[in-house]
Each structure stands twice: as structure tokens, then as C-alpha cells.
Amino acid sequence: VLFDFPYLQNLRIHYCDIKLDLEMLERFPLLKELTISGNQYLTGNLRSLRVLKDTLEKLQIDNCSNVRGNFFMDLADFPRLKKL
């Protein structure tokens, strides 16, 4: 049900342990702001966010220990990214 919103621009998930992989976010092609914190079931690699390269302006991922990648290297060429 979460993925029936192709026009979604802001997504915030705080301390809600739902199974989610970063690759699933490709279904939100217009996403501008993404905040996920305290989710032990979030998985995936930051490189998966490349599908949002031209829209993502703000990204915050905290206390999600199963996420792989390097914020600075994997997201270095996101032209609209203002806050990391």
C-alpha cells in the first residue's frame, strides 16, 4: 500500500519498524525529501537512491544500521541535494 503514491514528494518514517529496502524508493520518482530514522529493518545500499538523483533535495537516514554505502561518495553528484 505504501507504494501507491507515485506523486509523493516527502516521506518521513520515524521509529516504525517496517521492512523497507532503499531500492523500493524508485517507485517515488518525484521524491524531494526523505527522512528515515530508527528503523532496524531498513536495508539496501545508498547507491539505490540514484534513481532520485534529479529530484532529491533533503536526505536524512539515522539509526538504521543495515544501510550500506558512503553518504559522501554515493551522493556526491546529486545536483539538487541541499541537506544531508
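**Entry 1: contacts and overall build**

I began with the contacts, where contact means heavy atoms within 4.5 Å. Residues 24 or more positions apart account for 48% of the protein's contacts with a separation of 6 or more.

I noted that this is a predicted model, in which local features need pLDDT of at least 70 and side-chain atom pairs count only at pLDDT 80 or more, while totals for chains, interfaces and linings use all residues. Residues are numbered from 1 along each chain as its sequence is written, and side-chain values use heavy atoms, with hydrogens and water left out.

I then looked up the secondary structure and found one helix and six strands. Helices (H or I, at least four residues) and strands (E, at least two) are DSSP runs, numbered from the N terminus. Along the sequence I read the pattern β-β-β-β-β-β-α. The radius of gyration is 12 Å and the globule rule gives 12 Å for 84 residues, so the protein is as compact as a globular protein of that length. This radius is taken over C-alpha atoms, and the globule rule is 2.2 Å times the number of residues to the power 0.38. Along the principal axes, the C-alpha atoms fill a box of roughly 30 × 30 × 20 Å.

**Entry 2: surface and charge**

Of the 84 residues, 35% count as buried. Buried means under 20% relative accessible area, exposed over 50%, and partly exposed in between (1.4 Å probe, protein chains only).

I also checked the charges: the mean positions of the 12 positive and 11 negative ones are 4 Å apart. Lys and Arg count as positive and Asp and Glu as negative, with His and the chain ends not counted. Each charge is placed at NZ of Lys, CZ of Arg, CG of Asp or CD of Glu.

**Entry 3: the core**

I looked next at the largest nonpolar core, which has 20 residues; L22, L25, L34, L42, L49 and I61 touch the most other members. At least two residues of this core come from each of β1 (10-14), β3 (33-37) and β5 (58-62). A nonpolar core is a set of buried Ala, Val, Leu, Ile, Met, Phe, Trp, Tyr and Cys residues joined through side-chain atoms within 4.5 Å. Leaving aside residues up to four places away in sequence, I listed the neighbours that L22 touches as L42, T43, G44, N45, L46, S48, L49, I61 and V67.

**Entry 4: single residues**

I found D74 in helix α1, buried at a relative accessible area of 12%. Apart from residues up to four places away in sequence, D74 touches N45, L46, R47, R50 and G69.

P79 sits in the segment after α1 (71-74) and counts as exposed at 60% relative accessibility. With residues up to four places away in sequence left out, P79 touches K53 and D54. I also took the distance from P79 to R47: 15 Å, C-alpha to C-alpha, at 32 residues apart in sequence.

Y15 is not a glycine, yet its phi is positive, about 45°. I located Y15 in the loop between β1 and β2 (20-21), where Y15 is exposed at 61%. N63, also a residue other than glycine, has a positive phi near 50°. N63 lies in the loop between β5 and β6 (67-68) and is exposed, with a relative accessible area of 60%.
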